[in-house]
Number of protein chains: 2
Amino acid sequence: MSSMGGSADENLETKEMDARSVSSSHGQEPYVHKVGIPPRQNLFKEFQATVKETFFADDPLRSFKDQTKSRKLILGIEAIFPILSWGRNYSLTKFRGDLIAGLTIASLCIPQDIGYAKLANLDPQYGLYSSFVPPLIYAVMGSSRDIAIGPVAVVSLLLGTLLQSEVDPVTNVVDYQRLAFTATFFAGITQAVLGILRLGFLIDFLSHAAIVGFMGGAAITIALQQLKGFLGIVKFTKKTDVISVMHSVLSSAHHGWNWQTIVIGASFLAFLMFAKYIGKKNPKFFWVPAIAPLISVILSTIFVYLTRADKHGVAIVKHIEKGLNPSSVKQIYFTGNYLGKGFRIGIVAGMIALTEATAIGRTFASMKDYQLDGNKEMVALGAMNVVGSMTSCYVATGSFSRSAVNFMAGCETAGSNIVMSIVVFLTLQFLTPLFKYTPNAILAAIIISAVINLVDYKAAILIWKIDKFDFVACMGAFFGVVFASVEIGLLIAVSISFAKILLQVTRPRTAILGKIPRTTVYRNILQYPEATRVPGVLIIRVDSAIYFSNSNYVKERILRWLMDEEERVKGDYQTRIQFLIVEMSPVTDIDTSGIHALEELFRSLQKRDVQLVLANPGPIVIDKLHTSNFAAFLGEDKIFLTVAEAVAYCSPKLAEDP
Amino acid sequence: MSSMGGSADENLETKEMDARSVSSSHGQEPYVHKVGIPPRQNLFKEFQATVKETFFADDPLRSFKDQTKSRKLILGIEAIFPILSWGRNYSLTKFRGDLIAGLTIASLCIPQDIGYAKLANLDPQYGLYSSFVPPLIYAVMGSSRDIAIGPVAVVSLLLGTLLQSEVDPVTNVVDYQRLAFTATFFAGITQAVLGILRLGFLIDFLSHAAIVGFMGGAAITIALQQLKGFLGIVKFTKKTDVISVMHSVLSSAHHGWNWQTIVIGASFLAFLMFAKYIGKKNPKFFWVPAIAPLISVILSTIFVYLTRADKHGVAIVKHIEKGLNPSSVKQIYFTGNYLGKGFRIGIVAGMIALTEATAIGRTFASMKDYQLDGNKEMVALGAMNVVGSMTSCYVATGSFSRSAVNFMAGCETAGSNIVMSIVVFLTLQFLTPLFKYTPNAILAAIIISAVINLVDYKAAILIWKIDKFDFVACMGAFFGVVFASVEIGLLIAVSISFAKILLQVTRPRTAILGKIPRTTVYRNILQYPEATRVPGVLIIRVDSAIYFSNSNYVKERILRWLMDEEERVKGDYQTRIQFLIVEMSPVTDIDTSGIHALEELFRSLQKRDVQLVLANPGPIVIDKLHTSNFAAFLGEDKIFLTVAEAVAYCSPKLAEDP
């Protein structure tokens, strides 16, 4: 040994310890390490640990530890209303950042709100209402510093589509609005309940790839919907799929298009896209695309007012109700047929809104490196939508585009949402009459330029490169939305995501291991072609917990490896396989079905005169192997700490070939 | 080095290679192995491999390889009709075994069939019909040598309950029968389609524990149902839950019980249980419990005939239709309202029947060590039920109790099913009038003694010991069946099984690793208390593929480990954590969300001045780390083959503490 660690080295000890190897340090007979059996926990502790890992993985009560009672109360109140904690350290510098950011996102949100309300088949003021109350509630309860709250394109479209299939928004305005508030109420309840029950991880079941596809498809659908306002078409389909829309557009080409509208829309769309380009080229000019929409609205409104283009068929906003949000508590359906429908729609819209807000929150939290409690966020978002549903708002959430602007404008706290809210309040109180002559084509152009960024083709390419299955989910969601409807797209996205999970648990990977030359390390021979098989021994690694969902597959797959290997060995006149080592490092857990599968494997191997040997079972597995008596059944001397030790045990015992 | 491998040894080479260790073989500077990147496969090959692993894991086409065309055709026909292959080698010895086994299971099945038909609310002859045609079809197409085909208790009960909730079996006999055949038809179609599409693994989603609970609950329910016949009660509830049944039983205690019936039933039940006891005590007498039911039927029938006990209120079978199965092709609903209902019921009954047959097939195949192609079996079972539905049979499958008897009586091939089928044929043709005076109480006693074995309390105890979560599934299914209904129990079983899978994929385990003294092996410090942490380095193993469903959790969990560790280190005035090694051996795959999570982890660590180091990423993971450019982003020199090498890299770089 001394020849190895002998050289002077500042990390001598570590090195020397590394230098020693497993099977040699005790001379001839390899010293075999016992596989550790963890101390038995009592049932309650075990249960407690599982619950904690499942629902409190982020350890939200960490700060409450070792505090006095009154301090705990204060901390608890602060946890629900984070404004109390950041408000105390609020400073003028922070306010400056929030003010600028708030004004910028307000200028962006006002024209967007008016347009998005239309996607939800609601009057324009409802979009503004939803940018007034929810941001205030969020600022008090939310903990993201960068998210910009308000109506967003995809949720507006989803809500509009779902509601429309229940109530006609044109002939039955009152019921439609009531159902919209009902859905918003239950969206909020869904979000809050998921947060309170700490089931936030459920939204993780919509994979990133599926979201990329869904968002892209929704963006295309929304942009296509804008062709109505953009081309000045009066008769337009209610369906959202690309075929119906293009049919609608083309069939009205001869008499339904309005060239004045197109000219106005196209020129301002060009302006908006140019502003976007500038903002992208130089991040310093991020405010250019941020205020471009408002400028477009002002310019085009003045233009239409001066030229009276509305008399030449250019559709205008006409009327936005003046004044603050009226109460809508009594409009929510708490009984009757619509209750169930509102509930169902609310769950779907609430989940999608949550997905978007969570993604935004996480992204910016990781950029500024602060912790965000996903479940607490859900409670805040839920509370804001519940209050919103009672004050004539529809489902609000975090907006991708406005949050990015908020971030770049230098927001410091959720205070920027308060500033934005105040601006929207002033608009509602005093400025709505000014939007009378705003042409619809401008709103269409603003929406198109806003949603176009949601088509994240770069992400799609990356997904293609990394994971083909993910790409299928992505494209499935995309084409589902574009060619069928948002609901179908969503359904496809969720189904494919689930299929992937099922595939993962039913078909775990297995690999044959070989020895990397000059080491005691055994690795997948497909990954390391230089790794060599040990004659007479087959080493297989199982790469997953062995549960009922895969136990049978694992058993049969191992037997098939053995058959393949026996055939190969026979062809090459090599030593017959006499030992099968199952490397269990990645097997984190095993259940009753798994134990049965091992027993069956053992019996099948016995009939073929092959011995089963296990290497490195983890703490839970070794515990269960003992409780189920499989360890004794197999022979405890056949369970080793490492593959190397198992090989050292097998090799000298190999029978000579006849 | 020579001092280690120097001793003369027959396995010198192996030993010497084992003896060398990772970081020392090249003097001062540790020699670092490159992490292998597997050769890139083209897309088609990759796709092909995935499909093969998913649907053809058992490699069913193995025998077709390298054969001539005509040989392939013959093999193909033999694959569909295995009788052609085993029939050719059929011998008189084999026939002797099959004959004895066939006669034994026939004597067992005839009384059971008559009773089970009642569970399905059908006339007794339908039970016999289902023991005539399906076993013949199975004998031709099936490949299990031990399974005994026919109606079984649990499926009969399930079918009866499901059908009863759609059509009243008493007032609307014709529609009820037609719906039963329709359900049987679709049960067969479901089974065959699952087999043809090679989706057989779907039935693995019902965990072993859930099945134990479900079967036990169903057995109790069935036994309780028999109280009607056993106590001679005329008015009996249609519900199956224990509360309704006990209420029914107790409320009729004063005037509804018939003591003559009870005496006959109880004495024969005692006889049957005693016969069972003898069979259990000495396996040589396995035939005692097997023929006891038929003897009971004969004795009790003679007794009732002689004493005319039926005139004293002892209910008797009265009439069994004589003659073979009539055609029922025209009775199956292919249109109308009942089509959908039959379809739905058929899927459920078909799946449960499949679960039972598959479990039996696997058990005996592993006991006699022959291969069974699960998907081919499903096609055989499906074909048999489709044909059955057209010949007045209801859903048949493999029976636990009769298959065990078949096995012990020495059956050699599926020929024993043919023998049984012929006996049932003779019974139907000539013997049915003899059952006229058979008391219902005997049938009740036979069913009770048959299903009592399904209450597998030993398995439940083992499940409790091995896996608490499994036990919850088991008990949930059990109490669901007993206190609510078979459907509710089934629903609970499936839901809990799914919840377990979801938990598995959302909350993978992570562990802190330490170095086992005198080795280069790093293991979970909770399992190996002697393992020591490396100062300044935190080593975390992630025990699952990193997918969208868990990527966020994995990231946050790693950061929480780090925070916990930093706190601990601070308290002990030890070296600050400067390196975080993620051991990725068990991480078999990673998707786009997983890569994002790693990027976020990297950034968070950077802000804390901790370096991220990866150890042993598998072939797919390393490939994806490269395609996504994360490997370059992290620095390829920070990816190591083993934890030991990673530690060897980190240790000398540790900054001195201030």
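This report walks through selected features of a predicted model, from one whole chain down to single residues.

## Chain A as a whole

Chain A has 658 residues, and 53% of them count as buried. Its secondary structure comprises 28 helices and eight strands. Along the principal axes, the C-alpha atoms fill a box of roughly 105 × 65 × 60 Å.

## A helix pair in chain B

Two helices of chain B pack together: α11, residues 208-225, and α20, residues 440-451. Their axes lie 9 Å apart, at an angle of about 165°. Angles over 145 degrees count as roughly antiparallel, and α11(B) and α20(B) are therefore roughly antiparallel to each other. The crossing of α11(B) past α20(B) is left-handed.

Which residues make the contact? From α11(B) come B:Ala219, B:Ile222 and B:Ala223. From α20(B) come B:Ile447, B:Ile448 and B:Val451. Six residues of this contact are nonpolar, with no polar and no charged ones.

## The six-strand sheet of chain B

Chain B holds an open sheet of six strands with mixed pairing. The strand order is β4-β3-β5-β6-β7-β8. At the edges stand β4 (522-524) and β8 (639-640). Each has a single partner strand, so one side of each is left without a neighbour in the sheet.

Inside the order, β3 (residues 510-515) and β5 (residues 537-542) of chain B pair in the antiparallel sense. Three bridges join them. B:Ala511 stands opposite B:Arg541 in β5(B). Helix α28 of chain B, residues 643-650, lies across β3, β4, β5, β6, β7 and β8 of that chain. Relative to β6(B), α28(B) runs at about 170°.

## Two loop residues with positive phi

B:Asn121 is not a glycine, yet its phi is positive, at about 60°. The residue sits in the loop between α6 (92-119) and α7 (124-129) of chain B. Is B:Asn121 buried or exposed? The cut-off for buried is 20 or more other C-beta atoms within 10 Å. B:Asn121 has 23 C-beta neighbours inside 10 Å, so it counts as buried.

B:Arg308 also is not a glycine and has a positive phi, of about 45°. Its loop runs between α15 (287-307) and α16 (337-368) of chain B. Exposed residues have 12 or fewer such neighbours. B:Arg308 has 10 other C-beta atoms within 10 Å, so it is exposed.

How values were computed:
Residues numbered from 1 in each chain as written. Chains lettered and ligands numbered in written order. Predicted model: local features only at pLDDT ≥ 70, side-chain atom pairs only at ≥ 80, totals over all residues. Axes fitted to C-alpha atoms, helices over the stretch in contact; angles between N-to-C directions. Helix = DSSP H or I, 4+ residues; strand = E, 2+ residues; numbered from the N terminus. Parallel < 35°, antiparallel > 145°, perpendicular 65-115°, else oblique. Left-handed = near helix turned anticlockwise from the far one by under 90°. Contact = placed C-beta atoms within 7 Å. Nonpolar A, V, L, I, M, F, W, Y, C, P; charged D, E, K, R; others polar. Pairing = 2+ DSSP bridges.
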